[in-house]
Amino acid sequence: MVVGDPLEWRWLEALWGKSPSRGGGRRHLLLAHMLDTAAVAECMWDRFLAPVTRRLLDSFAGGPGRGRSFFAWLCGIHDFGKAVPAFQCVDEDCARLVWDAGLRWDRHRLARLPWRHDKAGAVLLLRYLPQAGWSEEHVGWVWPLIAGHHGAFPGLDALHQRASSARVVNGVDPWPRTQETLLRVFTEQLGYRAVAEAQPVAVPSRAVQLQLAGLVVMADWIASNTTVFAGLDELASTGIQQSRDRAAKAWRELCLRGGWGARAVPGPEAFRDRFGQDMRPSQAMVVDAARRMPGPGLLVIEAPMGEGKTKAALLAAEILAARFGADGVFVGMPTQATCDPMFSQVREWVAATEPGLENQVALLHGKRRLNKQWRALLESAGEAPIDDYCVPDDDAQYGMAAPREDSGEPDRLVPAEWFLGAKRGLLCPFVVGTIDQLLFAATRTKHVMLRMAGLIGKVVVLDEIHACDVYMSQFLEEGLRWLGQARVPVVLLSATLPPEQRERLIDTYVSGAAGTAARGVAPVPRGYPSVTAVPATRDGREPVVEHTESWRPDQWVRVGVLDETPHRNRAAADSAERAVADLLDDRLREGGCALVIRNTVDRAQATYRALAQRFGPGQVDLLHGRLHAGHRAERTEANLARFGPDPAKRIPRGTRRVLVATSLAEQSFDVDADLLVTDLAPIDLVLQRIGRLHRHDLAHRPAPLRTPEVVVTGLCRRGAGPPWLVRQSAAIYGEYLLLRSAALVAEADGGAWRVPSQVPELVSAVYGGEELGVPPAWAEAERAARDDYRRSQADRIARAEPFRLARRGEEDHVTLAGLHIAAHRDGLGEQQFQALVRDGDPSVEAVLVAEDHQGYHTLAGRRLGVNGDVAAELLDEVVAATVRLPSSLTEAAEKELRPLPAWHGHPWLRNAKALVLRDGRSDVLGTTLAYDDTLGLVVNP
């Protein structure tokens, strides 16, 4: 370190960045921390950033090779605002050294004028960068990244208030000279001759600025980890080379790494190499579209259930990544249950692309501890699981990763522990998670930049995209707009995508890429399966829409309606269940597998009771969302085998089996049913359910079931007028879509649908909006329902608006200044986040615990401590007993349920709500709840 002026040396050696209590027991110089962070940024450049990000940084930093230095400077300058009295005075011992160095302040005024160092850094840059020769436009986009490095971007007004008090807060000279010295010395240490040389030559898009803001936070958090960056309190020991040595050692010890890096585009043999089979026509169409795209963009894959969309999407993602410099993939699924099998599939695929790289795949959802594969991988690394959603939202989250003693890079089976901490999961090179992870990244919440930084630089694959309702779609579209602006390749998959939703998703992505509003940019496919390739360019290139034949010929699916007597009493409800039992008794007379899907848990439980009484419990299974997590996982696995394509695991020929389920069986549930009975639902969901029917080409089916058949329940046709609908179904889906879907079902009763080729036509008939979609006698009821539906949709859109990442009308803003003005819902856990991005009545989860005169025990009877203490070997069993309560009990549960006394402070249970069952029941929530090992949670048993 060379500082010619003794006074300047004295000042730099006095300024501290971390106190002994936050620096591992030793004062850490401010310049040392800034250089440490810059050196970490260099490691990120070399070993983590996607090739496309490096190219982009080079382009707006002034040319090849300049991006690395600018990125290091940008990350290191983040704590420049600590060089102010308001920060330097907060630790008494450190402040004394600063005071003795001649840097003084007015203590009384400082007490009245607190000044956060993130905002102070922005004020200092606004003052000193123009003096150094930076232009207004470049200062304008850089200062928000510094002001927002603790998670929220303030507006310029907030900085003006700080700037107006700066003279009072700073006191007398030599503070300005000290700050100029710190800025100059730090900049020169990175190889610049002057601060002016660090100025970029172009302004990146707002989305890329958000990515950079997240990367700044990442570099800061790594450099603030005192287990690998011990404090330095002597200026003579401080310098960029010392920081580079420390950063390289820390990077190795924390086991950090990126994903693919630069690689060749997979050749024509790649599909067989990855998946062990030849491509079907639709898969070849998708892969070819990815190869021919003129630049990064959006691929929309629409294909039938069981067509192999996921495999095609994964190879397309690999091709797009190689062509356009992405470093990894995020695969978003509609539910936690659909994430788990996808996690296994993605690991196998990533291993096929590069052996060993599968260890960089993370599973990201709130129940991942219950995933046996993830838990085994985590335990093999010798680590305790980290609860991503229970970490305090403060600087304590810098740590959470102990260094390794190995000098080489360890052979880990999961991504680095650092990546698995709070808010960092999307930074893993490869991620499988719920689509909520993308939706979270489109909310105006604290540290949103970390989430977006984890997406930009990857290829984003979103499956079952039709599952997003109008509320969720507000965040999905917002996320797609930011991803389009950042030119992130995105692959969307759906079997039943309504035309209007398809148009909105494409238009939103294109609007982000082009910077202007777009409507109807992509023509509607003329066939099915289809792929739409939309380039994220501003040169007016038209989307390419192609279609081909399905790999399987159409099936004629017989459609029937089993009218229910309107439920005015228990007898009528029982009669409806008996009718289903009679139907199954007839259809399964020679054996076979039937799937019965009910729209609510209560109906599923009632149906199970009736069928178990008729056929015996050994022939009937039950699967729904009010089973506790352990039972639900076990039953899902068992039924995937019983109803799967493997003859060795499937039920023996000549026997019969019935699975009663809720909408859990609607998507990404790979079962093959000989017969489907389903409650009426919107037509796209009915078709999704039909996707479980004759799904595989099985050699033997019982004679009565060789023609696929769906029987629709949950309605009753009454003369020429509109049908009676089950009240619970109308409450979930609304009458409008149910009436229009019922019209199609009633028209087809006794006939058949051509699946899959007729799927787009059926979906369009319900969602297209034409008034002639129902019989004339239903028209008045349909118009009234349509008006209610439109009002409801508008209300739901309005409810989402306050939480979207950018307000409407801000799309043309150039910088991130003010992004978090009036921000909402900071520091949320996963359940609260789900309430934020998923509409509907809020619900809570509870952990079921039994109690008798001897104390607490698990549902299986294993004893806990007197205060609910959980031994390590019982933790999985306790956590597995988590169940979601009915939404009607949410308010009571929030008020009444608490963790058991011993759970306070427990990393997994401290926020858990215990529902204590005595003699198998609980009355604490104003109603009687019981948990039955077969039925699950029962309300008012």
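Reply: Helices here are DSSP runs of H or I with at least four residues, numbered from the N terminus. This is a predicted model: local features need pLDDT of at least 70, side-chain atom pairs count only at pLDDT 80 or more, and totals for chains, interfaces and linings use all residues. Residues are numbered from 1 along each chain as its sequence is written, and side-chain values use heavy atoms, leaving out hydrogens and water.

Me: Is S741 buried or exposed?
Reply: S741 is buried, because its relative accessible area is 0%. Buried means under 20% relative accessible area, exposed means over 50%, and partly exposed is in between (1.4 Å probe, protein chains only).

Me: And which residues is S741 in contact with, leaving aside its neighbours within four places in sequence?
Reply: Those are L680, A681, P682, I683 and V766, where contact means heavy atoms within 4.5 Å. V766 is 25 residues apart from S741 along the chain, and their C-alpha atoms are separated by 6.1 Å.

Me: New topic: how many aromatic pairs are there?
Reply: The count comes to 17 aromatic pairs. The rule takes rings of Phe, Tyr and Trp (its six-membered ring) with centres within 6.5 Å; planes under 30 degrees apart are stacked, over 60 edge-to-face, and the rest tilted.

Me: What about Y471 and F475, why is that pair edge-to-face?
Reply: Their ring centres are 5.5 Å apart and the planes sit at 70°, so the pair is edge-to-face. Y471 and F475 are 4 residues apart in helix α22 (residues 470–485), so about one helical turn separates them. Y471 counts as buried at 4% relative accessibility, and F475 does too, at 0%.

Me: Which residues form an aromatic cluster?
Reply: One cluster is formed by F60, F70, W73, W134 and W141.

Me: OK, now helices. At what angle do the axes of α2 and α13 cross?
Reply: Roughly 120°, with the axes of α2 (residues 30–47) and α13 (residues 206–223) coming within 8 Å. Axes are lines fitted to C-alpha atoms, for helices over the stretch in contact, and angles run from 0 to 180 degrees between N-to-C directions.

Me: Who makes that contact?
Reply: From α2, H33, D36, T37, V40, A41 and M44; from α13, L215, M218, A219, D220, I222 and A223.

Definitions and conventions
Helix = DSSP H or I, 4+ residues; strand = E, 2+ residues; numbered from the N terminus.
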